[in-house]
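Please look through the sequence and the model below before reading on.

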Amino acid sequence: MELSFALCLPRDETSVPFVRHLLRSTLLRLGIEGACVNDIEIALSEACTNVLRHAGIEDEYEVEIEVDDRRCKLTVSDAGGGFEYLPGSAEVSAIPSEGGRGIQLMRALVDGLHFQSDGPGTIVELTKSLDLQPSSVLHQLTRTPRTERTGQLHTDPVERGAPGR
């Protein structure tokens with residue numbers, strides 16, 4: 001099973017708790033362990049907060065959430081001025097104040113963190129391997145063959161004149 005959805009959110013501080021709670025309730029409903037959900041939720045909050053602080057005056061930003069039985073992928077994109085990110089260039093010890101630690105926090109909470117800023121806008125991609133509860137709906141749904149999960153209609157070839165057809 002793969003679940004994905006995207007939200008276009010206003011560049012407003014109320015959008016961060018909204019998308020965070022939507023993500024949290026979705027992941028918990030799917031049966032993902034609480035500690036794993038907490039990490040993903042905090043990382044998403046940091047990525048969205050960075051948009052609000054650094055993206056400029058754009059009206060909207062987008063959050064895309066993709067979940068399968070192995071990982072959660074979050075993509076946060078905006079149309080702001082972009083920035084130059086050099087991996088490892090801003091270590092926590094080099095940052096004198098409370099601000100500027102979001103990248104390090106995201107890096108610590110997720111398995112993969114990727115930035116793309118090739119012109120106007122920035123795309124932040126976060127990936128995290130999932131810890132599933134034994135009763136997770138994702139366990140149950142991944143046991144179903146993929147062709148049945150896609151909802152596509154599959155039929156056996158019909159022989160003309162076969163009884164009952």
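A residue is called buried when its relative accessible area is under 20%, exposed when it is over 50%, and partly exposed in between, with a 1.4 Å probe and protein chains only. The model is predicted, so local features need pLDDT of at least 70 and side-chain atom pairs count only at pLDDT 80 or more, while totals for chains, interfaces and linings use all residues. Residues are numbered from 1 along each chain as its sequence is written, and side-chain values use heavy atoms, with hydrogens and water left out.

A disulfide is a covalent bond between the sulfur atoms of two cysteines, and here the term requires a pair of cysteine sulfur atoms within 2.5 Å. For Cys 36 the closest cysteine sulfur belongs to Cys 72 and is 7.9 Å away, which is too far for a bond, and a search of the whole structure finds zero disulfides.

Helices (H or I, at least four residues) and strands (E, at least two) are DSSP runs, numbered from the N terminus. Which strands form the sheet, and in what order? The open sheet has five strands in the order S1-S2-S3-S5-S4, with antiparallel pairing, where two strands pair if DSSP finds at least two bridges between them. S1 and S4 (112–116) are the edge strands, each pairing on one side only. Eight bridges join the antiparallel strands S3 and S5, and Asp 78 stands opposite Thr 122 in S5.

Helix H2 (34–54) lies across S2, S3 and S5, running at about 10° to S3; axes are lines fitted to C-alpha atoms, for helices over the stretch in contact (heavy atoms within 4.5 Å), and angles run from 0 to 180 degrees between N-to-C directions. Among the buried residues of H2 are Ile 40, Leu 44 and Val 51, and what covers its buried residues includes H1, S2, S3, H3 and S5.

A nonpolar core is a set of buried Ala, Val, Leu, Ile, Met, Phe, Trp, Tyr and Cys residues joined through side-chain atoms within 4.5 Å. The largest one here has 35 residues, of which Ile 32, Tyr 61, Val 63, Val 67 and Leu 130 touch the most other members. H2 gives the most to this core, with nine residues.
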